[in-house]
Amino acid sequence: MTTPFRVDTGRLAAPVTEIDHIRGPATAPVTLVEYGDYQCPYCGMAHPVVQELLRERPNVVRFVYRHFPLTNVHPFAEVAAETAEAAGVRERFWQMHDWLFEHQDQFDPVHLAAGVEEVGLPVDEVVQEVNDHIYLDRIRRDFVSGARSGVNGTPTFFINGLRHDGGYSLPELLTAVDQVATVAG
Amino acid sequence: MNHPSQVTLTHPARFDHRPMTNVARSLRGQRAPDFSLPSATDRQVTLSRLRGEPVILVFYPADWSPVCSDQMALYQAVLPEFARYGATVLGISVDGVWCHRAFAEDRGISFPLLSDFEPKGEVARAYQAYRLPDGVAERALFVLDRDGYVAWSQLYPPTVNPGVDGILAALHSLVPETQVVT
């Protein structure tokens, strides 16, 4: 017989480290982590909100993006994530990230290649790396850390390690972030 | 896909926030009731035949409902992780086999969806996971150890997607035990 145990649900299981994709100052009192899927329309809606949040709270928030592709419902999500990673090793992660969320209906190979070029990356190299799935382990690691943290869909946000179960409109995120900043500060 | 506002808008009104009968948890440590249910018109899944590896039972209210769809899509994506523990996942609802088939095809679900259709909800009742008067399975999770005992179980409100962290933690807790036994 196994003893029952407590499930510590909704806590970030993998702390933010330097291998994460981080936007914003390291000294920011609030860390906002998003588990997202580039093909998920709700993540697409959340994207400009997060950008605005970072504009309005430049010294308060640093933003971390982790991959959570649900490939059975979003067949292009993994390719998109791999493309972002290929951009990441060339110091262009956020440019590619923004392009992907701004062109969610253009993930077919031709348009995606155009996007890679627009971001200023070597198309042939990136396509080769994506086809060889050399970034898949990292994406999988993100995914598993999300599953273990209680991510139940995308986008899921964590604010200083605690899952944000409220909405993700700008006012809601601002309120949540400011509350945590007050406590943390 | 997390779309809380849409879920509350479109979810059938009967899936309300009434308190749940949280007796599913009382099955922890008990032998899991055996059952045999169809996963297709010509295929039956019998629980006791799955001894030797952990089994995850996922009771859910209805194919196609927004929360169930998200939950099942998530479990499909997490299958490789479940496989690391050698665990089998079985979805169970009162929907018929043809409904399951259409749902599985539409959402790319490859694990078995069992039809607790006739007598309706009999297996859900055996697991104290039948919701009256709605006549659907509760949203309830059971992790069975390799000997067929309930290692962990949890009931959730119909409107909440439980995620997988509870299941993964339960599977993880079974690993040392497994090593000791072998």
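## The open sheet of chain B

In this predicted model, chain B holds an open sheet of five strands in the order β5-β4-β3-β8-β9, with mixed pairing, where two strands pair if DSSP finds at least two bridges between them. At its edges stand β5 (113–115) and β9 (150–156) of chain B, each of which pairs on one side only, and the twist averages 20° from one strand to the next.

Strand β4 (residues 88–93) of chain B runs parallel to β5(B), to which three bridges join it; I92(B) stands opposite L114(B) in β5(B). Helix α2 (residues 66–84) of chain B lies across β3 (55–59) and β4 of chain B, running at about 160° to β4(B); axes are lines fitted to C-alpha atoms, for helices over the stretch in contact, and angles run from 0 to 180 degrees between N-to-C directions.

## Chain B as a whole

Chain B has five helices and nine strands, which follow the pattern α-β-β-β-α-β-α-β-α-β-β-β-β-α along the sequence; helices (H or I, at least four residues) and strands (E, at least two) are DSSP runs, numbered from the N terminus.

Of the 182 residues in chain B, 47% are buried (20 or more other C-beta atoms within 10 Å of a residue's own, with C-beta atoms placed from the backbone).

## Conventions

Residues are numbered from 1 along each chain as its sequence is written, while chains are lettered from A and ligands numbered from 1 in the order in which they are written. Local features need pLDDT of at least 70 and side-chain atom pairs count only at pLDDT 80 or more, whereas totals for chains, interfaces and linings use all residues.

Note on methods: Buried ≥ 20, exposed ≤ 12 C-beta atoms within 10 Å, placed from the backbone. Contact = placed C-beta atoms within 7 Å.
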